[in-house]
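Welcome to my notebook. I jotted down what I looked up, starting with salt bridges and moving on to helix packing.

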Amino acid sequence: MHSETTRRYLDDERFARLRDRRASDPASIAELHATRTRRPVLGDNGRLFIIAADHPARGALGIGDDPMAMADRYDLLDRLALALSRPGVDGVLATPDIIDDLALLGALDGKVVAGSMNRGGLRGSSFEMDDRFTGYDIDGIVRDRLDFAKVLLRINLHDAGSITTIEACSAAVTAAAAAGVPIMLEPFMSEHGPAGVVNNLSADAVATSVAIASGLGTSSAYTWLKLPVVDEMERVMAATTLPTLLLGGERSGDPEATYASWQRALALPGVRGLVVGRTLVYPPDGDVARAVDTAAALVHAGPTRPKEHP
């Protein structure tokens, strides 16, 4: 549990106002979304760096050896607000509760805001592969003027629950395309292991998940991919023409090696940037600003990139 005194960015008065507005003026949340200053999804250099914070809604609160690291909502919001204040951070990916909190804290103006849609496959549950849509839907994303949608697509060939998830993700892609909303699919080939569901991170498995995800929906015009950085990443990226963001994955004990792997993958054709959560929001040394700044430099460093259209 993180105490009041460990907060470094937001003060108690900000949180008191947030609680009061939630209780006494809930309509103000819609007003904040309606008046939020928006920006293009891609900046002038064609790159994108998003902080992810949708793990808690799936019951995934652990980081390292602390199974409840993300349970303190005030500490999480403090870290997210700090991360979003840093130069080079383009936006945030989260569920409605966190997006609404950040709107109330005034942290979303000029940011790319992505809504997380399916969080029903709760971590460790018997129904984890039946990952139903319990967060945003496309109508809600359009209503709140969000900039992006995101779905998790874990495919387990030995669990019938996966077909429900596949079908729901396909419908989400179709609805997003009809609404003109970019949607990022995070696909994995997954299986049940002794400790729960595990994702196969071989290049063959990731490329297979890319092929399945890419074909979902009645149009791929607005489809993006969110992929793990794995060995032989060149083969993975050769499997798709879709714009791709790299995910950060579990926090590593060797941040420098993680940054180096991101840097190599960011140089590949089709890779547009990073979507990273726990690795940067809860870095091993506790220095959120430094971790975020390091990742932002990797994404946005180098010459301006063309937007890859004819």
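Entry 1: I began with arginine 132, which forms a salt bridge with aspartate 130; their closest N and O atoms lie 2.9 Å apart. Keep in mind that I am reading a predicted model. Are the two partners buried or exposed? Arginine 132 has a relative accessible area of 52%, so it counts as exposed. Aspartate 130 has 15%, and because buried means under 20%, aspartate 130 is buried.

**Entry 2: glutamate 128 and its partners.** Next I looked up glutamate 128. Its side chain meets that of arginine 58 in a salt bridge, at 3.3 Å from N to O. I checked where the two sit: glutamate 128 is in the loop between β3 (112-116) and α5 (138-143), while arginine 58 is in the loop between β1 (48-52) and α3 (73-85). The pair is 70 residues apart, so to speak a link between distant parts of the chain.

I then found that arginine 154 also forms a salt bridge with glutamate 128, with 2.8 Å between the closest N and O atoms. Arginine 154 belongs to strand β4 (residues 148-155), 26 residues away from glutamate 128, and this pair too links distant parts of the chain.

How accessible are these residues? I noted a relative accessible area of 5% for glutamate 128, which is buried. Arginine 154 is buried at 6%, and arginine 58 is buried at 12%.

**Entry 3: the wider tally.** How many salt bridges does the structure hold? I wrote down 21. I also found a network of salt bridges that links Asp54, Arg119, Lys150, Glu186 and Lys226.

**Entry 4: α1 and α4.** Turning to helices, I looked at α1 (residues 12-24) and α4 (residues 96-104), which pack at an angle of about 115° with their axes 10 Å apart. That angle makes α1 roughly perpendicular to α4. The crossing is right-handed. On the α1 side I listed Leu18, Arg21 and Arg22, which meet Asp97, Asp100, Asp101 and Leu104 of α4. By class, this contact has five charged residues, two nonpolar and no polar.

**Entry 5: α9 and α11.** My last pair was α9 (residues 255-266) and α11 (residues 288-300), whose axes come within 9 Å and cross at roughly 20°. The two helices are therefore roughly parallel to each other. Here, α9 passes α11 in a right-handed crossing. Tyr259, Trp262, Gln263 and Leu266 of α9 meet Ala291, Thr294, Ala295, Leu298 and Val299 of α11. I sorted the residues of this contact into seven nonpolar, two polar and no charged.

Technical notes
Residues numbered from 1 in each chain as written. Predicted model: local features only at pLDDT ≥ 70, side-chain atom pairs only at ≥ 80, totals over all residues. Heavy atoms only, no water. Axes fitted to C-alpha atoms, helices over the stretch in contact; angles between N-to-C directions. Helix = DSSP H or I, 4+ residues; strand = E, 2+ residues; numbered from the N terminus. Parallel < 35°, antiparallel > 145°, perpendicular 65-115°, else oblique. Left-handed = near helix turned anticlockwise from the far one by under 90°. Contact = heavy atoms within 4.5 Å. Nonpolar A, V, L, I, M, F, W, Y, C, P; charged D, E, K, R; others polar. Salt bridge = Lys/Arg side-chain N within 4 Å of Asp/Glu carboxyl O. Buried < 20%, exposed > 50% of the residue type's maximum accessible area, 1.4 Å probe, protein only.
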